Amino acid sequence: MELWEKSETVDPEVRAYVYSLVNVVGGSSAYDDTYSIGDDALAALNDILRWLRLYDEKLNRYDVKRCLAEANLVQGDLLEILALWPETATDNKLRGKLALACIQLLVPLTWPLDLEDEKATVNHHRHLPYLQLAQVGYKRAVLHYEHAAILRTAVRVALPSMTQPRRERSKRDEGIIKLVMYLFRNVAMITQPQMLPSQGDENEISRSSTIDVFHEQDVLNLLLTIGSGASDDFQDEDVVLLEILFHLLKGIDPKKLFMHDEQVQHHEADELRMLMQKERDMHKSYRKHAPSRHNRFGTMLWVKRGDEKLSTVTGQTSITNGDATLQIMDASKKWNKPKHHGKHAGLEELRQADFCQRIDLTETARKHLRSFVEDFLDSGFNPLFSGLRKAIASEADRISPTHQRHYFYLISWFLAAERARRTATTFTPPPTSAGEESTYAYIAAVLDDHTFALISRSMQRYLDEKSWLDLHTTLLAFTSILLTVHDMSESPDEEDQEIAENIQNRIFYHEATHDRIVQILRSYNNQGLPYLDAVTECVHVFVRMLERYSKQNAELQIQSKRRARKKARKAGVMPNEDDQEADNEDAREAQLTATERRFDFARFSSKLLTQPCLNTFLALLQYHADLTPEQLKRCHRYLYRLAFKHDLAILLFRVDILLLLHKLVKGPGGLSTESPAFQDWDTLVRQVFRRCVRWMEKETEGEGWKEMCVVEMLFSKIPASVYYLQNGIERTVERRAPRPPAQLGFKAGVSEVMKVPVAVTLLLEQGKADAVQWVKKEMERAVQERTAWEDINSAVDEGAGTERPPPPPIFLIPDTEERKTQLFKDKHLRLLLATLGLERLGASDDVDGTWLFPAELSTQRLREGVEAIAKTEFDPPTGFGEEGRAAADMVRNLSSSAVAVVRRTANTYSDDDSASSGDEAEALFPPNLRSPRQKDDERVPKRRRLTKRNRTELTEAEVDAKAAERSKKEQERQGKIKSALYVTKSDDESDSEADAEFFRLEEERRKATKGVINGALTRETEKKKKKTTGGEAMGKRKRAVDEESGNEDESGIGEEDESRMREGDAEAEMVLKKKRKTLPFEEESDSDASNVDMDVGDAVGDEDVITKLSKRRAVTESSSEAEDVSEDDAEGEEKEETFSTSPTAAEKTTGPRALAEVNGNVAAGLRHGGRTIGLGDKERNTLDQDEEDEDDVPVTKPLRSSIRGRIVIADDEDSD
C-alpha cells in the first residue's frame, strides 16, 4: 500500500462521521475562489475536538488524526479561517472564537508523536509514519502561508489574556496562554523524520526558517515577555517556555553565534581545510595498497609461526610487507563482541544524537537569534531559571524528568553564549543599577548556593540510577558554571574576582564533590562519544581549576565525611537476656560525621590516576580521527600528568595502549603531521616508549625480570603490584604502634567496696560477660596456686625455723588471641584488673605487655575479689550510691587533667628539650590545673562582643605581629605562674631548729670564702682598669661613660671602697654591700642566687672558686657594657623582664664566646643536676621562626657547655 493511500483499516463509520464534520466547517465559495466559513463551523470544530479526545485519546488510537490528515483539515480549513481574521478587526468576537477553536485543533494535531514500548499498539505502528509526514506538512503550511501570518494571529489570540494581572486571570485565560505556547512548542519541535521520504524542500522547515518566521511574526518578542515575567506574572508558563527555548537552541554553537560574518567565513574555511586534509591523509594511506590491474589474481600465503604451526593469509596486500601480513592476521583474530540491544538502547542513542547534533544557521537566522539571546540574557534569564530551580527543588507537578534535562542543558548553553558574547569585541555590558555593580549580575540565578546544591544532588541521583542522558546534561551545566567562574576570576573588576573566590570556595569545600567527579570518570562504559566528551571535559576543567585554586590558597580547608561508630543504647537501660544478641547488633550504628581537614591536591589527583580512569581517556583517544585539537589536548594533558608528573608510566605499559600510541603517531590512520597537536603527541609517545624499554632492561637481583615484564604487559596493573613493578622490590609498610586506651579511674565518692562491683557492672552492660567469667577463673586459679605455695612453705618453715620468702608472682594467661588484644584495648577490663590489684609489665604502648598477680597481693584479698565478682555477676546492682547512679557515672577519665600535665612535664626532661623547646619550656612552672566548672546559676553572663560592620581585613604582616604579641603575653603570664602542682599546705610549715642549722652553716661558708672573694674581685678590677685605659677598641662613648662613673665597675665598687675593704674596715664593708647592685641575671633576693651560685664550700678549692668568680665577672662586664651602651633606660625593666645575653654588635665583630642566660625551668634543672640553663632572646627567637622559612633560618644547635654556677660557656666552634 502506498504511503499516501487512504487507509482501509479505519472504521468506515468513524471515517464517515469525521468527513461530514470537516465538510460542515467550510469550503471554497461558489461565487469566487475565496474560502467561505460554514454556518455551523464553530460547532463542527468543537465536535471534531470531542472526537479527538473521546475516541483517539481514550481508546489510545490514531484513527481520527489519520482521517483529519486525509481530509486536509489543517491546510484546507483551519489556516483559511485564521487568515480571515484581519489585524484591524479586533472587536469581531465571532472571528476570535473561530480562531481560538482552530488553535485548539492545531495543538493536538501537531503534538509530538512518540512510541512507548509498553503502550504502543499495532494501530500506532500503522498510522505513525503517515502522521509524522502530515505534521511536517502542517509545519510547512503554518510557517509559509501566503495570505496571512498564522503565528501572529495566534499571538493576537493570547494577548487579551496576557494583559490581565495574574490575580485577575481566570482558568480560561491561563488555558489560552498555555494553548498558544504549546502551539509554538509543537512548531519548533517538528522535524523531518530521518527514515521517511521528504515531500518538499527541507529548508522550508529547517531551524533557520523557523527562527526567521518567529522573528517576523513577533513570536520571539512574546517569548521575551513571558521570560521576563516568569517569576511573577507567568509562573505556570515557565515549563512551556523552557521547552520552546530548548528546541530552538539545541545543537547551535554559541561561539559561532556571536561571530562576525568575516569570522564565520574564516571559521568555516578552517573547517573545510581540516576536512580536506583528513581526506588527503585517508587517500594517501589508501593509495599504498590501492587495487591495480593485477588484482584479479588471487594470492595465498602460509605464515610459519614460532611453534612450527602454519597460518593462512589471503590477498595481494599481504605480500607487500611483513607489517601488512601481521595486520591481516590480527584483523582475522579480532573478536567482535555482540552489542547489547536493550529496550531503550535505540531510543537512548536517538535522543543523544538529538541535542548533540550540530545545526548550522543562515546569516539572517544567526542575526535574529543573536539579538534574541542578548535580550533574553539581559531581561529574562534570571526570572526564568530562578523560578524553574524552585519548581524542580519543590518537585512541582508540572516538572517532569525531561524538563530537568532541558533545564541543565539550557544553563550550559546560555552560560556558553554569555562567555562568547564577552569574548566578542562588540560587547558592552548593559546598564546596571546602583546596587548591581557586577557585570555578571544578570546570570546570577545559576551561580548561587541553591543551584550548586541542586546540581550536586542531581549528579549523584543520576549516577546511582544510571540515567546517563540526564547525567550528560548535568555535567554540561556544571562544566559551564566552572568555566564562567574561571572567567570571573580573571576579570579586571575586583568585585567579580571576590565573587569568583567565594563561589570556588563553596564548590571545592565539599570532598563529596571531588569523590563524585572521580566516580563519574570511573563509571564510563560505552555510553557514546558525546557523553564521553562531556565527562572528560568536566574532569579536565575541574582538576585544572582545583589545582590552581589550591596553589593560591595554601591553607584550603575542605569538609571531609568520615564514618564513625556511635553507641545507641541509652544510659541506665539494662539489656535483657532474651534479646541480648539483637541488642548487641543495634548497640552501634554507623553515622557520617563531617570534619574539616587541610586539602592535599596530590592525594586527590592520585584518585584520578587509576586504571579505570585511564581507560576512560583512552576510550576518547580511540576516536582521535574525529577529535578536535582541544579534545586531543585534553587527553595529552591527562597522560602527561599520569606518566611524568606522578611517575605512573607503568600503567601505560600495556600492549593495546602502546599499540594505540604507536598508531597515533606512526599510523596507519594516525594524526596528520600538519596537525597542531602532532608535535606534542610525538614527544609524549617517544618518552613513553623510552621508559618502557628502560623498564624492561632494568637490572634486578633475581632472574626472569624481562620475562615477567612481557607477561605483565598483557594485563592491567593493579594497585598492589604497581610499586613492585616500578622498583623491583616489595613495599615495606610500617604500621604505627597501637595507642593504649584512656586510663580510667573512680570518682572521689566511690568507696573501696564499690569499686569491683562498678567495674564488673560496666563490662556486663557492654555484653562482655565472657571476659568477667575469664577473670573470675584466673582469680580462682591464682587462689589455688597461692594457697598451695603457702602450704608447702609453711611446712618447710616449721622444720627449718627460717623466715618465709615472698611468694612468686602469678602471671595472667589469656586464653585466646582476641583476649590478648582485649587486655590491651579494653579500658574497662583494664580498670577491673587494676582494681583487683593486678599489675601490668611493659610499656604503655606494648601490645605484648603481661599482667600478673604481684607478691604483695595476699590470698585473702584474692578470695575477696572472687567473691565480689561472683556476687555482682549473679545479682547486678541497679544503681550505686544514694542517688542510684549508673556505673558509667562512677568512673572518670584520668588523662584529661593531671596525667596530661605529668606527661607534658616528663617530655621536657628529654635531651633535646634545651635546644628545641618552644614557649612552654620557658615557663618556670607548668600551667595550673583547670578549676572546677561553675554551676549554671553561678556563672556570670558574658557580654556579647560587637563586631564592626565595615572592618578591614588585616594583612599578613599585621596578623603575624598580633600573633607574636599574644605569644609574648602568654610567655609573661606563664612566667608568673606558681603552679598548684608544686605548692602544698606543707610549704607553710617551718622548722625553727632546721632553719637555725641552715643559717649557721651558711655563715661558716661565707666567712671561709670571704678572703678568696675579695682577692678575686681585686684582681679582676685591676685587669679591667688596664683594658679600659690602654685599649683603643673602646669607643668615645664608652670612655665617656667610664669617666662619668668615676672608674667604678658594674657592681658599683670604686677604688677607694676596695682599698678600705682590703684593710678590713667593717664600715666600708657595709657601705660596699649597700652600693653593690644586683647582677642583671640574678634575683633580688639572696636566698635564690647566693646559696646556689656561691656554693663553694668544702667540695671545691680556692682555685675552682676563683675560676668561677672570674667567669662570673666576665658575664658581669659584658652585661654592664650592654646596659651602658643602650639608649633606653632599662632600670625599670631589670625587675620585670629577663635580661638578654645575646651579643651586641661590637661583640659579634670581635667574636667572643657565646653566653646563655640561666633559666629557672624545672625540667632543665632536673637535667643538669639542679643548675638551670635557658636560652637568650635571640636564641629563642631563632627557634620560633615560621615553618615556611625553615630553609632560610639556620637550625640552632644544642650548646656543648661547661657549667659554672649559673653561666653556660659555649665552645668556640658553636659560638657562631
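In this predicted model, Trp681 is in contact, beyond its neighbours within four places in sequence, with Leu621, Leu632, Cys635, His636, Leu639, Leu661, Leu664, Val665 and Leu671. Trp681 belongs to the largest nonpolar core, which comprises 203 residues, and together with Val373, Phe385 and Phe414 it is among the members that touch the most other members of that core. The element that gives the most to this core is helix H23, spanning residues 529–552, with a contribution of 12 residues.

An open sheet is formed by 3 strands, arranged in the order S8-S10-S9 with antiparallel pairing. Strand S8 (810–811) and strand S9 (839–841) are the edge strands, each of which pairs on one side only. The pairing between S9 and strand S10, the latter covering residues 850–853, is antiparallel and extends over 3 bridges, and Trp851 in S10 is the bridge partner of Arg840.

Arg786 is located in helix H33, which runs over residues 769–800. Although Arg786 is buried, it has no salt bridge, and the nearest side chain of opposite charge, that of Glu790, lies 5.6 Å away, whereas a salt bridge would require a side-chain nitrogen of Lys or Arg within 4 Å of a carboxyl oxygen of Asp or Glu.

Methods:
Residues are numbered from 1 along each chain as its sequence is written. This is a predicted model: local features need pLDDT of at least 70, side-chain atom pairs count only at pLDDT 80 or more; totals for chains, interfaces and linings use all residues. Side-chain values use heavy atoms; hydrogens and water are left out. Helices (H or I, at least four residues) and strands (E, at least two) are DSSP runs, numbered from the N terminus. Buried means under 20% relative accessible area, exposed over 50%, partly exposed in between (1.4 Å probe, protein chains only). Lys and Arg count as positive and Asp and Glu as negative; His and the chain ends are not counted. A nonpolar core is a set of buried Ala, Val, Leu, Ile, Met, Phe, Trp, Tyr and Cys residues joined through side-chain atoms within 4.5 Å. Contact means heavy atoms within 4.5 Å. Two strands pair if DSSP finds at least two bridges between them.
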